[in-house]
Amino acid sequence: MMILVTGATGNTGSALVSRLAQAGQQVRALVRDPAGVTLPPGVQPVTGDLNRPDSLADALIGVRGVFLLPGYADMPGLLARMREAGVRRVVLLTSGSAALADMSNAVSRYMTLSERAVREADVPWTFLRPRAFMSNALRWLPQLRAGDLVRVPFAGVAAAAIDPTDIAATAALALTSDGHEGRIYELTGPDSLLPADQIAVLAKVLGRDLRCEGLTDEEARAQMEATMPAEYVDAFFRFYADGTLDESQVLPTVREVTGHPPRTFEQWAEVHADAFR
Ligand SMILES: NC(=O)c1ccc[n+]([C@@H]2O[C@H](COP(=O)([O-])OP(=O)(O)OC[C@H]3O[C@@H](n4cnc5c(N)ncnc54)[C@H](OP(=O)(O)O)[C@@H]3O)[C@@H](O)[C@H]2O)c1
């Protein structure tokens, strides 16, 4: 069965491509620009843009399973192309904010609308709702290169962050085995950690004397607006400053679905230590 992985150069998609290839599955990796993209042996790159459903025509030929990212311009259009191409399984990545169905919050809205488009497409589906990714710690790289002080937004908010490798492991099973149709998997890591706890783990793994300090709301907003649209900044302030989204609860889903405990932040940091050096 040919599987198309979208976001194949990203944290989750790249882990999924590797896992499926190692398991001997036929995998096609969707990329916007194949220049400089390295894929595991045997994985076919295909070019396409999720904001333009028509651009996926070639990528979808013969595909039966799709790992899909959320939030693109025409999700119903994407799903229509998949159904027409004969896709029989869609594993959609969203987040815990899909459950809020808060249409006044830009992030919750696009997660909710993405799930809705898949539900209405008449293609068997599985939804993955991971909490914050451990790989978000890579956002601290510029500060870690400059010194030992890491200043973070929402310093008082704990999250049961998840290693994207565990999302990929769950996605691989949902794409290649039975029993996952119509299931919604709320995915967490094994521990609920504050940013300062994660930075303490990084300090231990890297052998550095790192310190964590909270940004004021004004500083956090300015920093976030440099990298994302204002409506998304507002959305994250609603989640984490107003407390509309609680990502702190540790759930047993990864272990239940994959048979393995989710990876710890320390394991994630050890695997990615070179990126921080
Ligand atoms: N970070 C979190 O805490 C978190 C939590 C819950 C859910 N999520 C969701 O998880 C998703 C995946 O995150 P990630 O960290 O695995 O990915 P990532 O490392 O942020 O990479 C994003 C991927 O999406 C691809 N992409 C972006 N725009 C595209 C387009 N128009 N057409 C086709 N591909 C496109 C990129 O491909 P290119 O190589 O072409 O750029 C890249 O492979 C996020 O988009 C978010 O919606 C994230």
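My entries below go from the ligand to the pocket, then to the cavity and a loop.

**Ligand**

I'm working with a predicted model, so I kept that in mind throughout. I started with the ligand: which residues come nearest? Out of 23 residues around the ligand, I noted Thr 9, Thr 12, Arg 32, Asp 49 and Leu 50 as the ones that come nearest.

Next I checked the backbone for N or O atoms beside the ligand's oxygen atoms. For Phe 133 I got 2.9 Å from such a backbone atom to a ligand oxygen. Gly 10 gave 3.1 Å, and Gly 7 gave 3.3 Å. The ligand has 920 Å² of accessible area on its own, and the protein covers 75% of that.

Sorting the shell by class, I got 11 nonpolar, 9 polar and 3 charged residues.

**Second largest pocket**

Then I looked at the second largest pocket, which holds about 200 Å³ of space. It has 13 lining residues, and closest to its centre are Arg 19, Ala 169, Leu 173, Thr 258 and His 260. Two elements give two or more residues to this lining, α1 and α5 (164-176).

Which element gives the largest share? That's α5, with 6 residues. By class, the pocket lining divides into 6 nonpolar, 4 polar and 3 charged residues.

**Cavity**

How many cavities of 30 Å³ or more are there? My search of the whole structure turned up 1. The largest cavity has a volume of about 50 Å³. I wrote down its lining: Met 134, Ala 159, Ala 161, Pro 190, Asp 191, Leu 193, Gln 198 and Phe 265. By class that makes 6 nonpolar, 1 polar and 1 charged.

**Thr 38**

Last, I picked a loop residue. Thr 38 sits in the loop between β2 (26-31) and β3 (44-47). Is Thr 38 buried or exposed? I put it down as exposed, because its relative accessibility is 73% and the cut-off for exposed is over 50%.

I also compared its position with Thr 112. Thr 38 and Thr 112 are 74 residues apart in sequence, and their C-alpha atoms are 32 Å apart in space.

Terms used. Residues are numbered from 1 along each chain as its sequence is written. This is a predicted model: local features need pLDDT of at least 70, side-chain atom pairs count only at pLDDT 80 or more; totals for chains, interfaces and linings use all residues. Side-chain values use heavy atoms; hydrogens and water are left out. On a 1 Å grid over the protein atoms alone, a cavity is a set of points where a 1.4 Å probe fits but cannot get out, and a pocket is an open set with protein on both sides within 12 Å along at least five of seven lines; lining residues have an atom within 4 Å of a point. Grid points are joined across faces, edges and corners, and a volume is the space filled by probe spheres set on the points. Ala, Val, Leu, Ile, Met, Phe, Trp, Tyr, Cys and Pro count as nonpolar, Asp, Glu, Lys and Arg as charged, and the others, Gly among them, as polar. A residue is near a molecule or strand if one of its heavy atoms lies within 4 Å of it. A polar contact is a pair of N or O atoms within 3.5 Å; within protein, one must be able to donate a hydrogen and the other to accept it, and residues adjacent in sequence count only if both atoms are side-chain atoms. Accessible areas come from the Shrake-Rupley method with a 1.4 Å probe; for residues, only the protein chains shown count as cover. Helices (H or I, at least four residues) and strands (E, at least two) are DSSP runs, numbered from the N terminus. Buried means under 20% relative accessible area, exposed over 50%, partly exposed in between (1.4 Å probe, protein chains only).
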